[in-house]
Structure formats: C-alpha cells, structure tokens
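Here is a short briefing on one structure. Look at the model first, then read the points below.

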Amino acid sequence: MVTVKNPKTSRKRLAAHYLLLVVAACFLCSTVLIVSREPASSAANGVRGILVDAHSASKMVNKPHLIYGTAWKKDATAKHVSEAVKTGFRFIDTACQPKHYNEAGVGNGWTAAAQELGLGRGDIWLQTKFTPVSGQDPNNMPYDKDLPVVEQAKVSLQVSLKNLHTDYLDSWVLHSPLPSFEETMKVWRVMEQAVNDGLVRQIGISNCYDLDTFRLLYQQASIKPAVLQNRFYAESHFDTGLRSFCKDRKVKYQSFWTLSASRKALGTPQVKELAEAKGLTPQTYMYAFLMSLGYVTPLSGTTSLIHMAEDVAVMERTQGGETMFTEDEQKEMAVILGMPRL
Ligand SMILES: NC(=O)c1ccc[n+]([C@@H]2O[C@H](COP(=O)([O-])OP(=O)(O)OC[C@H]3O[C@@H](n4cnc5c(N)ncnc54)[C@H](OP(=O)(O)O)[C@@H]3O)[C@@H](O)[C@H]2O)c1
C-alpha cells in the first residue's frame, strides 16, 4: 500500500525536529562553555572531577601555556606562588639558588594553594634548576662548594625535592653550561640518572646561547633536553637559530625577560592598538604571540593580582582553541619586535 503524506504536515514536523535539534545543540554548547570557563577557584570547595581536571597541569601540558616564575620574591614567595595557583597558573619555575629564589617558599606556596583548591601533586607542574657554584652566593650555598660537581648536583636535587614537598620533579634544568663541555656532560649524566631513577620526568638547560654547544649536548645526550630556558632579547637575535633547532626537535623554548627586553616595542601605540583589538594588553599580546608559535613557553613572574588574572585569561583563551594570531599577524609582530625570523 502506498501512503501519500500531506506535504504541509511533513514540513511542520521537519521544522519541529530541526528546532529541537538546535535547542539541544545550544544547551550542550553552553554547558561545555560553562564547564571550561569555570574559574579555578570554583574548585575551592574541594570538588574534584571535571572542574579541577580542566585546570590540571596534566591536561594543559601539551597545549600552549605560561609558567609562573618565582625569582626575586624573597619572603613573599609563598604568598605570590599561592596567589598564582589560585588565579589559575599550574606551571611553576624555580631554582635551588637562594641568591635569587626562595625554593622552600615555592614549596609552601604551591602546597597551601593546592590544599585550599583540592588539587593534587599531579595537577601542578614543578620545574627547578641545579645552579653551579658560579651562579651561587658563596655565603648562602645550598650544597658544599668543595664537593665534586657531580655530587653537588645530586645534593641539589635532594634539597629541591625537600624544599618543594615532592618526591619527583616534572622538569629539572641545568641553570647554565659549566666552564667546560666535559663538565656540562658530567652533570648531564647525573640528570639522566635522575630520570632513570624516577626522581625527575624531564631535563633541560638554561642560559645556553650557543647553537653549537646546544647541538653537541643534544647529540651526546642519551636523554635529550626537553627544555631550553633562555633570555628572549634582541642582543641574541631572539635566539633565531636555537629556536629553529628546538622547534624541529620538539624541544620547548622557555622565554624569560620576555616583557622587560621588549618594553619599548610593547609601549608603542601600534602594539597598544593591535592588543586592544583582541581585548588584550600589550603584555598579554606578547605572551599570546609567543604561545601562538606553538613551541615557546613564556615565563611570567608578575606579583600583581591583576596581571596574574590577565595572564591566566590569555592562557585560557589560547588553550580553549581560539586562533589568537594568524600567520600574517605573527609576522607583523616579529617585525615590530625586530626578530630576524619567526
Ligand atoms: N634561567 C634564568 O637564568 C632566569 C633568569 C631570569 C628569570 N628567570 C625566570 O623567569 C621568570 C620571569 O622573569 P622575567 O625576567 O621574565 O620577568 P618578570 O619577573 O616576569 O617581570 C616582568 C615585568 O613585567 C611587568 N608586567 C606588566 N604586565 C604584566 C603581565 N600582564 N604579566 C606579567 N608581568 C607583567 C611585571 O610587573 P608586575 O609584577 O607589576 O606585574 C614585571 O615588572 C623569573 O621569575 C624566573 O622564574 C630565569
């Protein structure tokens, strides 16, 4: 039997189904948006699960992010670190170098905030450094300066673990190459052993501005550097060759002095206008630009609650998948800064 449908009724039914579908889709989208935009502080009541997970370092680590830097904060270190975590920072950088960092303050700060927010160790990403004797204050050493350098590194790691209230580090960085490449490799082997012993998840190096040295380290390392943390500034041509080497080998380039070194460029009306068009400040525009490159992780050491919130907001927008910079906009910013290449 052939049923003949009334075309008017069919069209009405179709329209009703379509409307239902649109309403359902809108509801789903708004739920996802509310969950993903919920501030980290909403986990303060100890609610674990999706809200906390959405702001866990383990979920953010493969997406562009900012690292909270803890240098020069002295007795206020714990307070600022705690504020940073409560604002939404999940990645923290420090060093076993009492001259510039209060590593124990970092340990107290992150644990206090984590307890308040109901976060666990896995929700926070901790990086610290072994600083050779040349970078230490001889009157305030974290290890015995007369020990062989290999022993100094081992002691430094134990001190860091204790200071940071943890039994592993997410990232351990050699603060600078040693006077000879041979010595650098000796320390690197200690760092590799720490990875093999499960005390450290990844290793890296800082203040290494010579591509040949970095390349040689990369070649000779059994465990390759996962991180290069350098000053990002015009005098080193913004590490163009090193950054390209890092990009090709999936080494994360962590930038410091990011804002201070480009203060003049960031103060121009042109950058102000470009930033405003994206609802950003020149400073967060700079962070967004670097994060948009994909392999650069800027450090922010702000002590201002307002700047912390602005930094977390730009990180969340980037993590949320928003295309913050087109390729042309990246190129334009590179020219403004005076970068020879992206
Ligand atoms: N490996 C090394 O040898 C090495 C050397 C130096 C630093 N670092 C690391 O890098 C971290 C960052 O140091 P940094 O030298 O790059 O500078 P920084 O400590 O991040 O300082 C940036 C400056 O910009 C200001 N600022 C304005 N708007 C800001 C915003 N939205 N977000 C952040 N800052 C804003 C800050 O002032 P307000 O405080 O008022 O916001 C501050 O004066 C250090 O804490 C340390 O962890 C490593």
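A residue counts as buried if 20 or more other C-beta atoms lie within 10 Å of its own. The model is predicted.

**Helix H12**
- The buried residues are Pro-282, Gln-283, Thr-284, Tyr-285, Met-286, Tyr-287, Ala-288, Phe-289, Leu-290 and Met-291.
- Their cover includes two strands, S7 (252–256) and S8 (296–300).
- Gly-294 follows H12, and its phi is positive, near 95°.

**Around the ligand**
- H12 also takes part in the shell around the ligand: H12, S8 and H13 each supply at least two residues.
- H13 gives the most, with 3 residues.
- The shell has 24 residues, and Gly-69, Ala-71, Phe-256, Gly-301 and Thr-302 come nearest to the ligand.
- By type, the shell residues divide into 16 polar, 5 nonpolar and 3 charged.

**Helices H6 and H7**
- H6 (residues 149–163) packs with H7 (residues 181–196) at an angle of about 35°.
- The axes of H6 and H7 are 9 Å apart, and the crossing is right-handed.
- From H6, the contact uses Val-149, Val-150, Ala-153, Lys-154 and Leu-157.
- From H7, Glu-183, Lys-186, Val-187, Val-190 and Ala-194 meet them.
- The residues of this contact are 7 nonpolar and 3 charged, with no polar ones.

Technical notes
Residues numbered from 1 in each chain as written. Predicted model: local features only at pLDDT ≥ 70, side-chain atom pairs only at ≥ 80, totals over all residues. Buried ≥ 20, exposed ≤ 12 C-beta atoms within 10 Å, placed from the backbone. Helix = DSSP H or I, 4+ residues; strand = E, 2+ residues; numbered from the N terminus. Contact = placed C-beta atoms within 7 Å. Near = placed C-beta within 6 Å. Nonpolar A, V, L, I, M, F, W, Y, C, P; charged D, E, K, R; others polar. Axes fitted to C-alpha atoms, helices over the stretch in contact; angles between N-to-C directions. Left-handed = near helix turned anticlockwise from the far one by under 90°.
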